[in-house]
Amino acid sequence: MTHRIRSSHWSRRLGILGTAAPLILAAMAFATEDTNPAVTSEPKLLAEYEVTEIRLIPSQVVFSDASEYRKVLVVGKTGRSSEIDLTRTAKFTPAADCVRFDEQGYLFPVKDCETRVAVAANGLTAQLPVTVRGLAKPREVSFVRDVEPIMNKVGCSAGTCHGAAKGKNGFKLSLRGYDPEFDYDRLIHDVSGRRFNRADPARSLLLLKPTAQVPHGGGLRFDTDSQYYKTILEWLSEGVPFGDARAAEVARLEVTPSDILMPKPGLSQQIVVVAHYSDGAARDVTREASYTSNAPSVAEVMQDGLLTSGRKGEAALLVRYEGNFVTVPTTILSETPGFKWVELPQYNYIDEAVDRKLRKLRILPSPLSTDAEFIRRVSLDLIGVPPTPEEVEAFLRDKTPPRQKRARLVDQLIARHEYVDHWSLKWGDLLKSNRKFLGQKGMWRFRDWIRQSVAENKPYNQFVYELITARGSTYDNPAANYFLIADQPNTQMETTTQLFLGVRFMCAHCHDHPFEQWTNKQYFELSAFFAQVGIRDGARSLEKVVYDKNDGEITFPKTGRVALAHFPYLQPAHFTTDEARRRLLAEWLTSKDNPYFAKACVNRMWSYFFSRGIIDPVDDIRSSNPPINPELLAALTKDLISHNFDLRYLLRMIVNSRTYQLSTRTNNWNADDENNFSHALPRRLTAEELMDSISIATGSRMVFKDVPKDYLAEELPDPKVGMGGFLDLFGRPQRESPCECERRSEVSLKQALNLINGPAVGDAVADPDGRIAKLIMAGAPDRKIVEELYLATLDRPPSAEEARKAQEYLAGSKNRADRAQDIEWALLNSYAFLFNR
Amino acid sequence: MLSIPGRMARLCDGYTRREFLRVGGATLFGLSLPQFFSLQAKASPAAPFAGSKGYGAAKSVILLFLQGGPSHLDIWDPKPDAPSNIRGEFKAIKASVDGIQLSETMPLLAKQADKYTLIRSMSYTPVGLFNHTAAIYQMLTGFPPDKVSPSGQLEPPSPHDFPTAGSQVAKLKPLDDPMLPFVEMPRPLQESSVIGKGGAAGFLGKAYDPYRLYQDPNKPIDLGDLALRSDVSPERLRDRFYLLKGINGSMPDLEKAVSSFALDEYYQRAYNLLLSGKARNAFDLEQEKPEVREKYGRTTFGQGALLARRLVEAGTRFVQLNWPAVANGDPTVDAWDTHAANFGPLKNLHCPILDRTLSALLEDMSERGLLKDTFVVVVGEFGRSPRLGVSTSGNTNAPDGRDHWPYCYTALVAGGGIRAGEVYGKSDETGSSPKENPVHPTDLLATIYYALGIDPSQMVLNDFNQPRELVKGTPLVKLFG
């Protein structure tokens, strides 16, 4: 009862969706007939190209199995040195009736023969030789090779259906079929074999349910006249052979094309997927594979592998089949009449990699930032505070050529004590240095340890090694606090992998990671490295002592068996867990050969300078989230490793690149690029940067309880200080999560009200000991006041026009102090101040 | 209304939807934005619902969003004849309108039955996860969360999310007066550490986010920065803005580069708010008589409802009062998420607050003549399993607990041009499934838009300027009149 109404209600909605595809096509056809000539359909777009040559993929087809099919791609070489997909407009004519095409354009064998298919597209022709042989030979339909993929494709084992943790309506499958033995067992032995009716295979629930011959909560999944139906029926009739799981293991997927570059939006591309099995067999699985796009607005992909481009941009398509993944990078260009690449000087390898990509995308980078822009940006990025008026003036006066002058400034900044403040703040955030977890004293000690590490430029691998292997008192060896921020073996593992490998292992806690190679088994095997970490109370208040126990194991929740400590990749040849497990883990983790360790680090560091990582989000590295510029990431990674994980070296390399030093001003060719580092992207100042910048601009400092009066906001030890105030309003992380996303950078109405009318700006400009009061008291002339306010707030002198207007305003009233405050208020509320630009 | 030129636009039936798909599809295949708009302009001139019964009858909306998922059987839709493992511990009581029964947990509301209509056939099948966040997102944006989170994981709010209903309203039905268009209080939507999913403007841009008053209105409200500083007169603020405009204007490239932050919109809005003082006034609950404050109940929820009324009076378009507890919080303290202890806390803690506050709100609004143009909606993200002690969502449930149940639950609607004293839709004998007139959450959203005179069948543009349905639901036109 419940069930019926529910599903009919739902099918009403599904019905709506179900009509979508043909109607879209109808609209396409309709659009071409429309009076508006600018509306063009794909066939029309394709017809515009002058095709000089067509070729077929595959170039020949051999069938030996009646259940096989082939998708044949027709690729047109155009005069513009690129290729376009003509598959949908091509005409296929078999020379004999021993093969046929179905309505979706798949080629099927009918009977044994040698024949040809004539292919015509854009006025050109080609021939496809086809051999059909041994069709009558009996073949085995197996569960692993034939049936499981169907159940995955039609959604039986999806997380929302029977693949859910508890299954659905009493029937449970492994999520996306990651455990075929389990699934086979459920199908054949559960419910006293009702799912499989030996006497009358067609009456098996396995067929009755998905074809909706009996009520099915999941509705109709395939028809009784479909190939899927035939395959499953055949399998049931043959006595449900499980098959040879090893031979049927998919060794690799061959995806064509492996890289998609489309000259403009509106075009489509058919993708063809061939599975290669361990036993050497290969089969077209285009229809059974699953497709997802990480940017559907750029490239959308249908479940039959047809990709449609929506707008200019880049997308990564993830193609999945039976636990195998292939990512297809996709680039959609738009027509850029008048585009001409202009070579800019390349300062280091970063610029070379960035330029190569920009050139390919026909994006022209912006010009260099000005010296005034640069000193502000690089100061904020390296030391978290803007320059003082004196520093700006000195830098602008310096006549050294810009590149050398800037490099020298970088060196000076890295040597400043605020450099330690700034980078310790970031590590404090990530390592959750928070008295809530560590106690007040432990938090301060952990902060000292982080600061000491930054100050001595401890190599990054050593820094991590010390954290992972730390033992003893959290007061005497503060690195041991690491084991308090997550205090269970599995959460320690999750924190460690997210922070230092950029990998989110938590998805594999309950099941195999759906979009990655990580398995449920690996989750527990990796957690086992933390299984013998002991934490006990120390002698002093809130002191904890971290030690290695001689016992403690992780067990698999499903089987209760002990999980042996095992690395998910890069297994060392000889190792025994009789040794302290954490030391083994630390060695593996920080190894130069660990492909994730250095990469995750450079990617994270990069993101601090460019608004986004080369892989973004920075702590979600997986094959379905590929780098925007793989060459760049590889070069930086290699460089960090070969320079002994020296972070200062890495930061220097980044900020000394031309790429970092570009202006925010865009041109016609890069205005809509937000991913390829073709121009600087303004970032709202972080909470701490904003507060410290206001202090420097106004000469008025906010004071916090419980910390020394001269502390900058970026020196504050944890979120307890100033909780609920200005810093939290502007998105300071609460240090509850190791996720980079905890820091918020958006703007809100409340922030606007605060900046306009709150004490942070209002009190600061009116501070009787502040910059303005001092200038007025000293009797500074109008010109001097205006100049200093501009230098102190926007880090540049005013233009002549700006100076004139401001001086006019200043002179417009007897109360110069009030007027100066108004000018300073306006400067502090301007975009030029609120953003790192 | 959108349609392909040359075709007649039709009213709210399946046909309309197909027209959208056409346009969506056509855009996919190379129709540019200006073309999209020119098609839109060429389409039928009048809004499809103009002149339809009750269309645009409401000026404002008050949404009491009972996050956590209150048990419909123990509040709105008692089943006195069902077996005890379904019926539970409460009795049904007669309401003041013949033929309507409520649970005994709602004695005051039962007396006000002539002021509202119960929709007892709310129903949907979850797409993706079966948790609060996904359900809240479905309820308030009208879209299943898998559309923005392909991995199906619980994710924090993203700028690509579908907008929450209040943000859509704030954008499509802007205020003329300087007032806060959309206020959310007294705490965010939340499940575990996922905060605010389904409660933000998403792809409309942050300028349409709610004004978030996350404070307990039962305590003195900190107006914070809404009160103009004593050293800044309105004239001085005007001067300052004039200067600011000049400074930003002298850097047009930067202005362009930061435009996606919508800072200018925030500044303009903040400026108007500060000068008008309307919002300040509305937040001042001290202006209410003590009897009135008492009547709503001296609780966070009670005073929040009173504040909601004051905000609507002052011109706010959409007020969302969230139940002041984390959705999956402790049911024995303040949460509706009664996987255990369904009865005691409901009877002694949660229902008395809801009953008192809601009956006071309806009575007060009715007396003040506010109900006729304010659409009041009371609903959670789902109901609870009719059968006690079973697991329907994968959570474990105590013998006296009820699990999540989106397949059938109840919404209360009042005011804004709808008929009162009725029951729309019916649940079956056990409250498990709708027996007639199933109402999907998207239909409820469409009804809210309809009441405000916002065409629910229109398209909105997302952050990539792609057209998206405002809502894929059908307004319950039958409720009006």
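Which residues does Pro159(B) touch, not counting residues up to four places away in sequence?

**View 1. The surroundings of Pro159(B) in a predicted model.** Pro159(B) touches Gly202(B), Phe203(B) and Asp463(B), with residues up to four places away in sequence left out. Its place is the loop between helix 5 (132–141) and helix 6 (165–172) of chain B. Pro159(B) has 15 other C-beta atoms within 10 Å, so it is partly exposed. Leu204(B) is 45 residues from Pro159(B) in sequence. In space, the two are 8.2 Å apart, C-alpha to C-alpha.

**View 2. An open sheet in chain A.** Four strands make up this sheet, in the order 2-10-9-6. Their pairing is mixed. Strand 2 (61–63) and strand 6 (91–94) are the edge strands, each pairing on one side only. From one strand to the next, the twist averages 25°.

**View 3. Strand 6 beside strand 9 in chain A.** The two strands run antiparallel. Four bridges join strand 6 to strand 9 (residues 113–121). Pro94(A) stands opposite Val117(A), a residue of strand 9.

**View 4. Domains of chain A.** The domain assignment gives domain 1 (2–33), domain 2 (42–132), domain 3 (143–237), domain 4 (250–332), domain 5 (421–589) and domain 6 (687–730 + 747–836). The centres of domain 3 and domain 5, taken over C-alpha atoms, are separated by 42 Å.

**View 5. Residues 1–39 of chain A.** Chain A averages a pLDDT of 88, and 93% of its residues score at least 70. Over residues 1–39, pLDDT stays under 50. The model has 56 contacts beyond four places in sequence for this stretch. Where pLDDT is low, predicted coordinates should not be read in detail.

Definitions and conventions
Residues numbered from 1 in each chain as written. Chains lettered and ligands numbered in written order. Predicted model: local features only at pLDDT ≥ 70, side-chain atom pairs only at ≥ 80, totals over all residues. Domains from an automatic or database assignment. Buried ≥ 20, exposed ≤ 12 C-beta atoms within 10 Å, placed from the backbone. Contact = placed C-beta atoms within 7 Å. pLDDT = per-residue confidence, 0-100. Pairing = 2+ DSSP bridges. Axes fitted to C-alpha atoms, helices over the stretch in contact; angles between N-to-C directions.
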